[in-house]
Amino acid sequence: MILMTYTLNTWCDRLGPALSQLAEVQEPFLEEYWQVNSYPTRVTFNGVDETPFPKDDIAHLYDLARMASRSADKKHYKPLCEVLDPV
């Protein structure tokens with residue numbers, strides 16, 4: 001067993017790559033979620049996209065992935081769960 005000592009720097013070093021990987025892997029799952037549940041309302045101001053980050057949609061998607069571990073959707077959400085675990 002490897003015992004890791006917690007330090008803020010090592011945590012940040014591990015979290016950065018994990019978040020980058022999560023952002024990449026979650027994209028098709030989020031797109032799929034929006035196709036079923038409708039896309040967020042786009043907001044533009046002076047020609048600039050000011051659409052808020054879809055935190056509620058992301059949270060619901062993560063809940064679906066977590067609950068899938070006990071259902072037939074386990075295989076479907078496996079790639080997302082694998083990158084969520086380290087985060």
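Me: Buried means under 20% relative accessible area, exposed means over 50%, and partly exposed lies in between (1.4 Å probe, protein chains only). With those cut-offs, is Trp34 buried or exposed?

Reply: Trp34 counts as buried, because its relative accessibility is 13%. Before we go on, keep in mind that this is a predicted model, where local features need pLDDT of at least 70 and side-chain atom pairs count only at pLDDT 80 or more, while totals for chains, interfaces and linings use all residues. Residues are numbered from 1 along each chain as its sequence is written, and side-chain values use heavy atoms, with hydrogens and water left out.

Me: Which helices hold Phe29 and Tyr77?

Reply: Helices here are DSSP runs (H or I, at least four residues), as strands are (E, at least two), numbered from the N terminus. Phe29 sits in helix H1 (residues 8-37) and Tyr77 in helix H3 (residues 74-84), so their pairing ties together parts that lie 48 residues apart in sequence. Both Phe29 and Tyr77 are buried.

Me: And what is the geometry of the pair that Trp34 and Tyr39 form?

Reply: Trp34 and Tyr39 make a tilted pair, with 5.8 Å from centre to centre and 40° between the planes. You already know that Trp34 is buried; Tyr39, at a relative accessible area of 46%, is partly exposed.

Me: On to charges. How many salt bridges does the structure hold?

Reply: A salt bridge needs a side-chain nitrogen of Lys or Arg within 4 Å of a carboxyl oxygen of Asp or Glu. The structure holds 3 of them. Arg42 bridges to Asp49, with the closest N and O atoms 3.4 Å apart. Arg42 is exposed at 62% relative accessible area, while Asp49 is partly exposed at 45%.

Me: What is the N to O distance between Asp63 and Arg66?

Reply: The side chains of Asp63 and Arg66 meet at 2.5 Å, N to O. These two residues are 3 places apart in helix H2 (residues 55-67), so about one helical turn separates them. Asp63 is partly exposed at 28% relative accessibility, and Arg66 is exposed at 54%.

Me: Where do Lys78 and Glu82 lie?

Reply: Lys78 and Glu82 are both in helix H3, 4 residues apart, which is about one turn of the helix. Their side chains form a salt bridge at 3.8 Å, N to O.

Me: Which buried residue has no salt bridge?

Reply: For charge, Lys and Arg count as positive and Asp and Glu as negative, with His and the chain ends not counted. Asp57, in helix H2, is buried without a salt bridge, and the nearest side chain of opposite charge, Arg42, is 10.0 Å away. Contact means heavy atoms within 4.5 Å. Beyond neighbours within four places in sequence, Asp57 contacts Leu30, Tyr33, Trp34 and Pro40.

Me: How should I read the packing of H2 and H3: at what angle do they cross?

Reply: Axes are lines fitted to C-alpha atoms, for helices over the stretch in contact, and angles run from 0 to 180 degrees between N-to-C directions. The axes of H2 and H3 come within 9 Å and cross at roughly 105°. Under 35 degrees is roughly parallel, over 145 roughly antiparallel, 65 to 115 roughly perpendicular, and the rest oblique. H2 and H3 are therefore roughly perpendicular. Leu61, Tyr62, Leu64 and Ala65 from H2 meet Tyr77, Leu80, Cys81 and Leu84 from H3.

Me: What does Gln26 contact, leaving aside its neighbours within four places in sequence?

Reply: Gln26 belongs to helix H1 and is buried at 11% relative accessibility. With those neighbours set aside, Gln26 is in contact with Ile58, Leu61, Tyr62 and Leu80.

Me: Last one: is Lys74 buried or exposed?

Reply: Lys74, in helix H3, is exposed at 52% relative accessibility. Not counting residues up to four places away in sequence, Lys74 touches Ala68 and Ser69.

Note on methods:
Phe/Tyr/Trp six-rings, centres within 6.5 Å; stacked < 30°, edge-to-face > 60°.
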